[in-house]
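Thanks, everyone. Let me walk you through this one quickly. Please look at the structure first.

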Amino acid sequence: MNNEDIVEYFEQCQINEPEISPAVSAIKTLIEYLNLSQAGTLKGLREELKECIKWLVTQTDSSAIAVQSGCELFLRFITLASLEQQDFHDCKKILVQRGNVYLQNVAQSRHKIARLFNPFIRDGSCILTHSFSRVVLKVLEEAAESKKRFNVYVTESNPDQSGKKMAKELELLGIPVCVILDAAAGYIMEKIDMVLVGAEGVVESGGIINKIGSYQIATCAKVANKPFYVISLFYPYRSVLTR
């Protein structure tokens with residue numbers, strides 16, 4: 001599997017399963033790479049996976065932070081645990097099995113987060129969100145399925161206007177939504193009950209990396225004494241933030 005095949009497989013995952021995040025597509029790509037790798041040692045395989053991750057981060061159009069964070073955590077998950085098998089072929093099978101377990105955990109976590117956050121959304125709530133986040137979308141979908149009535153304001157999220165994509169998905173779910181200018185977040189703050197955003201990365205200090213504009217919305221929410229919730233899956237976690 002050469003570098004071009006890596007990017008092609010990743011992009012195909014994004015096309016075939018648009019509901020999954022770029023980080024999950026990258027993890028699927030790594031598992032496929034594991035299956036096809038010709039490495040003869042665990043060290044060699046680990047180095048190949050690192051090179052694969054580097055290529056995914058630099059050669060795809062998706063969020064570099066989200067992809068790198070998910071892949072690094074995946075690499076630690078499958079390689080840091082002890083392997084008692086003497087035969088490398090058996091070790092490789094176990095690594096693939098661990099990779100699939102990791103992928104299952106990722107798939108289940110979004111639904112679990114949606115269930116856990118559901119009590120925070122009360123009937124009649126007015127929610128502000130920023131940019132497009134699959135996990136935030138799942139949380140709002142869960143609340144709507146619970147027959148809760150609420151309204152959502154979504155910022156345009158320039159320059160890519162990802163907020164409009166979020167609004168379209170919410171409309172398909174039958175959730176009342178209004179797209180506002182990024183600059184109008186402070187104006188709308190007095191009308192909303194909470195702010196709900198996703199995260200592209202979470203650093204060990206507790207800091208959040210997200211779409212530009214998140215910081216000023218959080219600052220406005222603090223001044224207005226409105227709760228600001230960041231909803232994130234476990235894989236965006238980063239122990240070190242690369243400068």
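Start at Pro-159, which sits in the loop between β2 and α7 (162–172). Keep in mind that this is a predicted model. The peptide bond joining Asn-158 and Pro-159 is cis, with omega at about 15°. In general, most peptide bonds are trans, and most residues other than glycine have a negative phi.

Ser-131 is not a glycine, yet its phi is positive, near 65°. Find Ser-131 in the loop between β1 and α6 (134–145). Is Ser-131 buried or exposed? Ser-131 is buried, because its relative accessible area of 8% falls under the 20% cut-off.

Next, Lys-147. Here too phi is positive, about 70°, and the residue is not a glycine. Lys-147 belongs to the loop between α6 and β2. Lys-147 counts as exposed, because its relative accessibility is 72% and the cut-off is over 50%.

Now the strands. Strand β1 covers residues 125–129, and five of the five are buried, so the strand is largely enclosed by the rest of the structure. Look at both faces of β1. On one side, Ser-125, Ile-127 and Thr-129 are buried. On the other, Cys-126 and Leu-128 are buried as well.

What does β1 pair with? Its partner is strand β2, residues 150–155; the two run parallel, joined by five bridges. Take Leu-128: its bridge partner in β2 is Tyr-153.

Last stop, the surface. Glu-4, Asp-5, Glu-8 and Glu-11 form a negative patch there. Of these, Glu-8 lies in helix α1, residues 3–16.

Terms used
Residues are numbered from 1 along each chain as its sequence is written. This is a predicted model: local features need pLDDT of at least 70, side-chain atom pairs count only at pLDDT 80 or more; totals for chains, interfaces and linings use all residues. Side-chain values use heavy atoms; hydrogens and water are left out. Patches are made of residues with over 30% relative accessible area and no salt bridge: like charges are joined within 9 Å, nonpolar side chains (Val, Leu, Ile, Met, Phe, Trp, Tyr) within 5 Å. Accessible areas come from the Shrake-Rupley method with a 1.4 Å probe; for residues, only the protein chains shown count as cover. A salt bridge is a side-chain nitrogen of Lys or Arg within 4 Å of a carboxyl oxygen of Asp or Glu. Lys and Arg count as positive and Asp and Glu as negative; His and the chain ends are not counted. The place of a charge is taken as NZ of Lys, CZ of Arg, CG of Asp or CD of Glu. Helices (H or I, at least four residues) and strands (E, at least two) are DSSP runs, numbered from the N terminus. Buried means under 20% relative accessible area, exposed over 50%, partly exposed in between (1.4 Å probe, protein chains only). Two strands pair if DSSP finds at least two bridges between them.
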